[in-house]
Amino acid sequence: MKIIVCIKQVPNTTEIKIDPVTNTLKRDGVPSIINPDDKTALEVALQLKEKHGATVTVLTMGPAQAEKALREALAMGADEAFLLTDRAFAGSDTLATSTIIAGAIKKLGADIVFCGRQAIDGDTAQVGPQIAEHLQIPQITYAAAVDYDSEREVLIVKRQFEDRYQTLEVSGQCLVTVLSTLCPPRYMNVWDIVDQDEKEIGIITFADLTLNREDIGLSGSPTKVKSTATKQFDKTIETLELDAESAAKTIVDALKTRHLI
């Protein structure tokens, strides 16, 4: 079984800032991390590898510094890693990004593709499903639990809804997007930290893929970011010392005044 896990290096959103001139994220000086949902997707793949045997390949698209995220994934136990990087990829929205990643997956080959539900810097939850559409394979989103029946060669996924769960079984090639609450990702271990240093990160460029240039980058991106802004909070604080009944009434009245209830 060959598993590909798509990950993204994202800025730590606890320290994110917006450039007031360009309306884009200011990444300089902001620490980067593996997107939390993607890290859980990697953990799911590694657990399947340990239980049933598999090769786990990690794939990301980004600039050269995204290699750091791939090195961390290798140190967690992934077998190999590939970086999709090329000036032609710059400016890609979710559709163009998914086109590029799907092209790489076709090149590498995979039985199961795992993605995080969504990235914390964009929150679109579009790339995973779009990859599946490009590959024309079944997809299961919002996975809250994943298991594999090796005798029947069937992947069993518990899918989360707002008010219920749905259990699905899929055989053959498929893509699954994973919730970060599914399981806690493991820490890097000493042996894999040492081993990853000797592994080479594969580089995939536009020339390596069978893609049309007009389908990627800015020209292949139908969506454009017009502006961004940070939410402004009212820091006015009013402190009251009341008994429980009066406090409850005051809170309810305040919520009614603001049309929140």
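Helices are DSSP runs of H or I with at least four residues, numbered from the N terminus, and their axes are lines fitted to C-alpha atoms over the stretch in contact, with angles running from 0 to 180 degrees between N-to-C directions. The model is predicted, so that local features need pLDDT of at least 70 and side-chain atom pairs count only at pLDDT 80 or more, while totals for chains, interfaces and linings use all residues. Residues are numbered from 1 along each chain as its sequence is written, and side-chain values use heavy atoms, with hydrogens and water left out.

In α3, Thr94, Leu95, Ser98, Thr99, Ile101, Ala102, Ile105 and Lys106 are in contact with Val127, Gln130, Ile131, His134 and Leu135 of α4 (heavy atoms within 4.5 Å).

Helix α1 (residues 36–52) and helix α2 (residues 67–76) pack at about 30°, with axes 11 Å apart, and are therefore roughly parallel to each other. Here Lys39, Leu42 and Leu46 of α1 meet Glu72, Ala73 and Met76 of α2.

Two side-chain charges sit over aromatic rings (NZ of Lys or CZ of Arg within 6 Å of the ring centre and within 35 degrees of the ring normal): Lys158 lies over the face of Tyr165, 4.2 Å from the ring centre, and the charged end of Arg164 lies over the ring of Phe161, 4.4 Å from its centre.

Terms used. Helices (H or I, at least four residues) and strands (E, at least two) are DSSP runs, numbered from the N terminus. Angles under 35 degrees count as roughly parallel, over 145 as roughly antiparallel, 65 to 115 as roughly perpendicular and the rest as oblique.
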